[in-house]
Amino acid sequence: MSKYTQAEKIMAMVFPTEMARRFLCDDFYQELLKVIPPQKCICQFNIIKRVRLNNLALVKKTIVEFLANNNDYVYALKDIYFCDNLDNIIINRLILGFVYFISKTNKEFKDINITTDRYSICYYDVDMLHLLTGK
């Protein structure tokens, strides 16, 4: 699968509709930026696997806690992803979308491929598409 095709499939999962993309980028990710420093998601220290995995765990925990305290977002996200609960696969999609958002809105990181650059918490030694789909 070409990188372009893989990126398209990943983005289709993260942003299933234009309305979903607008909600996530203009609202949800803006709220996450208040509780998650972008430097946890993309930084030079993430090249160390232990640091990257710790930052990933911190981001995941923060998102889960944020959602536990904000039911309106939970309901909106369930509607976006057509699901009954926000399981690990959905949380992983939110993380991927959030890091992608950071990479595209921060001049310093705009050229980073978040799934292949070790500065990103979304880099891992497995296929990100596999991680997102669970297949």
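At what angle do α4 and α6 pack, and how far apart are their axes?

**View 1. The packing of α4 against α6.** In this predicted model, α4 and α6 pack at an angle of about 110 degrees, and their axes lie 10 Å apart. On the α4 side the contact is made by Leu56, Val59, Lys60, Ile63, Val64 and Leu67, while α6 contributes Asn88, Ile91, Asn92, Leu94 and Ile95.

**View 2. The crossing of α2 and α4.** Helix α4, which covers residues 49-68, also meets α2, and the axes of these two helices come within 11 Å and cross at roughly 115 degrees. That angle makes α2 roughly perpendicular to α4. The contact is made by Phe28, Glu31 and Leu32 of α2 together with Ile63, Phe66 and Leu67 of α4. As for its handedness, the crossing in which α2 passes α4 is right-handed.

**View 3. Helix α2 on its own.** Helix α2 runs over residues 18-33, and at 1.5 Å a residue its 16 residues should span 22 Å, which agrees with the 21 Å that separates its end C-alpha atoms.

**View 4. Phenylalanine 82 in the loop between α5 and α6.** Phenylalanine 82 lies in the loop that joins α5 (71-81) to α6 (88-105). Most residues other than glycine have a negative phi, whereas phenylalanine 82, although it is not a glycine, has a positive phi of about 50 degrees. Is phenylalanine 82 buried or exposed? With a relative accessible area of 73%, phenylalanine 82 is exposed.

**View 5. The whole protein chain, for orientation.** The secondary structure of the protein chain comes to seven helices and zero strands. Of the 135 residues of the protein chain, 39% count as buried. Among the contacts in the chain with a separation of 6 or more, 68% are between residues 24 or more positions apart.

Key
Residues are numbered from 1 along each chain as its sequence is written. This is a predicted model: local features need pLDDT of at least 70, side-chain atom pairs count only at pLDDT 80 or more; totals for chains, interfaces and linings use all residues. Side-chain values use heavy atoms; hydrogens and water are left out. Helices (H or I, at least four residues) and strands (E, at least two) are DSSP runs, numbered from the N terminus. The expected span of a helix is 1.5 Å times one less than its number of residues. Axes are lines fitted to C-alpha atoms, for helices over the stretch in contact, and angles run from 0 to 180 degrees between N-to-C directions. Angles under 35 degrees count as roughly parallel, over 145 as roughly antiparallel, 65 to 115 as roughly perpendicular and the rest as oblique. A crossing is left-handed if the near helix is turned anticlockwise from the far one by less than a right angle, and right-handed if clockwise. Contact means heavy atoms within 4.5 Å. Buried means under 20% relative accessible area, exposed over 50%, partly exposed in between (1.4 Å probe, protein chains only).
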